[in-house]
Every structure is written in C-alpha cells, then in structure tokens.
Amino acid sequence: MTGLIDCNNFFVSCERVFNPRLRNIPVVVLSNNDGCVVALSNEAKALGLKRSDPYFRIKDICAHNGVAVLSGNHRLYGDISSRVMATIAEIAGETEPYSIDESFVHFDPAFTCADAEKAGREMVRRVRRNVGIPTSLGISCNRTLAKAAARFAKRYPAYRSVCIIDNEERRRRALELTALADVWGIGRRLRRRLANYGLVRAIDFADWPERNAEAVLNITALHTWRELNGIDCVSPKQLDMPKKSMCTSRTFAKNITELSQLSDAVSIFATIISRKLREQHLATEGINVFLHTNSHRPDLPQYCNSAYAPLGEPASDTMAIARAAQKALDTVFRPGFAYKRAGIFISETIPAKAVQPSLFIPQADRIRRQRLMETVDRINASSLTHDRVHIASYTALEGLVNCNMRSPQYTARLDDIITVHNGH
C-alpha cells in the first residue's frame, strides 16, 4: 500500500501555528511582491476568493470581510515542511517527499489494509500534535490512486482525514466522483485533447480501451491511465528526476533605473540558483540574465531582453555564476529604462558527477572551490538563516520587493521568537 499525505492549506496552516488569532477566520497568503493569492483558508474560499486572484482586485473584498492578508513567508514554510517530513519518517518505513506540503509513504508489504489505516491515522495525529499542521492521507495500491484518495480525505470530514481505496468497488466509485481535471498527471493541454474523445470524468478515461490509450497517449499519460486501473507504474525515479531548467526572478516593488541596484538583485539570484543546483547535485554550463520593463505602464519606454554568459566549465559555484551573471547584466542593461522584473534562467543542467573538467582550470583551484561551497552550505544549513555566509555583493532581497504584511521569522530569527508574558 502507498499513501500520499498532504498538508491542508499549508501556508495558512503554518501561519496559524504561531498566530492562533488567525484560526476560524478567512486568511489569504500572497505571492512574492504581494502580487496575487497563492494560498487561502477554507473560510476565504467560501467568500469566493481563488488562488491566483490579483491582490489589487480583491483588496476591497478582503477589507470588507475581515480577511487576514499576509505576505508569503517562505523561509518559515520551508522549516515547518522539514519538521512535517521528519515526523512522517518516524512512522513510515519509506517516504518520498513530493513537494513542500506533500509526501508519498510506503507501508510495510506485510500490512493489511487495517494495519495501513491504523498507521496512517497515527501519522496524521502525530503531525498535528508535534508540528501543529492538519493533514489528509490517501492510501491505495499506487501513487495516482493514493492522490485521488487524499483528495477525498481532505474534502469529506466523514473520512476523519484518512481515505483508503482498497478494492474495485471503491476504485470505480472514487473515479466516478473525480473530474479528469483533478487527476494527478492530467494537465490542461492533455485534458482538452481527451475532451475531444468525450472523456470528462476519471472513470471515462480509465475505461478507455487500452488500444486507444496506447495509440493516443505518451508514456507518461499512459502510466497515469494504467495507475487509474490499479497497476503500479510510476517509479520513485520518475518523481525524483533532476530539473532540466531553473529560474529565479522577482518583480520589484518599484521600478529600478540604476545598474547598481540591478547588480545587487542579480547577485541574490545567482546565490539562490547556485544553492538550488548544489542541493540537487547539478551543474550548468552557462546562465541567462533577463530584464523586463513594466508592460502595464504604456506611458513609459518599453524594453525586454536577455543575455547568455557561459562558464569556464560546468559548475554550481556561487562566485563563478555571480561573475557570469554580472557580465550578462552588463550586456543586456540599457540606461533610460525603468525595470520592473529581472532574473536568472538556466536552460540546461547536467549531473555534477558528469562534469567534464576544463584543461585550463587547475585541479587544485577546482577542489578548493568545491570545499568552500560545501563549507558555506554546511554553515548556512546549521544556522537559522540561509545567508549567514554569502558573497560580498549579496544584499537583502526585502528592500527590492513588497513584503509589508509578512509574519515574523519565528523559526529563523532569534529576535522573532515568541515571548510569553505573565499576565499577573
């Protein structure tokens, strides 16, 4: 049996752990730069608010209905996520973290369905008790059906946070109640394509003849079709495929006209994307820096462009990537424009173990840089902040973006630790 444990309204739940006043009231969490809604509580959903709603359009609705509006506090969410995953691992024999708020779990092969349900309920209970985060757990014979079961566990209180699809009757009933849009692995483009064949519900897709599925679907969609029919196809390797491309960017709170300010921002992006590469044991041969003006301001001159800067050899070294980024920025920057967005994009990554060393870079320098990056990552991982040790050109990102409604860094800054006062 495979399970999928999903944290309910995760960003909102993280905020409620440290601020009980947010419980039972509508709450929305905004994206970087306070642009749009990325998470919302059930109470906010009941008001008709939706994910991706631009904040400026719903600002009056929020004020009129007493909605608590918060800037995204992703460092806090990441720390809470690691605590949730550690708690799950204490009970589950094997786990596969899938996203910041989801993880697949694999139960002992000797478990009966009753054993799996008992372990699952203990998992949900312990995460709520130890971390304070409510979760839902779906259990079935493969990952796709476990995902579907988790959705039922979250939607229907009668399941008491744990739903099991363990026989043919339950499988078919679950698929009859599931729209094709809600099936894991069915994207918007594939959904439109399948609609041309009259496939609207998950059960329609699962009952599609195999010869039709094999003729029309690619291998990934075919695996989804087979999993809906109770066959285990999706392997851990498919879930853990390294990213072929990466992007780190921000929309600025105010238009930027000075090269020095853009240079500061690019140094931050280089630090972030280098850390991402090292975390996934990847390297890159070069990076792209891009700049955009504000397309919503037609009264201002418009300009957007990007420039590519190669590295001496494939690397994940922060200093090498930062130097390349500065060269690319110098190439793409044009004075006289007000820039609203910038970022670094990597179009191709390679495994760090597969890097072909350059003959023109001494081996001793390469080893010294590698050890330096390992030391920096180790120090930052052991501290309360990601950037305790950083390159000299790195500056705080908060000054460049809007985050005026962000909650304190309860788990990342000593100054923000909650103080309990004696009421007497």
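At what angle do helix α4 and α5 pack, and how far apart are their axes? In this predicted model, α4 (residues 74-91) and α5 pack at an angle of about 145°, and their axes lie 9 Å apart. The crossing in which α4 passes α5 is right-handed. On the α4 side, the contact is made by V84, T87, I88, E90 and I91, which meet A119, E122, M123, R126, V127 and N130 of α5. By class, the residues of this contact comprise six nonpolar, two polar and three charged.

The strands may be considered next. Five of them form an open sheet in the order β5-β6-β1-β7-β8, and the pairing is mixed. Because β5 (94-99) and β8 (162-164) stand at the edges with a single partner strand each, one side of each is left without a neighbour in the sheet. From one strand to the next, the twist averages 20°. Within the sheet, β1 pairs with β6 (residues 102-106) in the antiparallel sense, over five bridges.

Among the elements that give two or more residues to the lining are β1 (2-7), β7 (135-140) and α5 (113-130). The most is given by α6, with eight residues. The lining as a whole has 22 nonpolar, twelve polar and 16 charged residues.

Notes:
Residues numbered from 1 in each chain as written. Predicted model: local features only at pLDDT ≥ 70, side-chain atom pairs only at ≥ 80, totals over all residues. Heavy atoms only, no water. Helix = DSSP H or I, 4+ residues; strand = E, 2+ residues; numbered from the N terminus. Nonpolar A, V, L, I, M, F, W, Y, C, P; charged D, E, K, R; others polar. Axes fitted to C-alpha atoms, helices over the stretch in contact; angles between N-to-C directions. Left-handed = near helix turned anticlockwise from the far one by under 90°. Contact = heavy atoms within 4.5 Å. Pairing = 2+ DSSP bridges.
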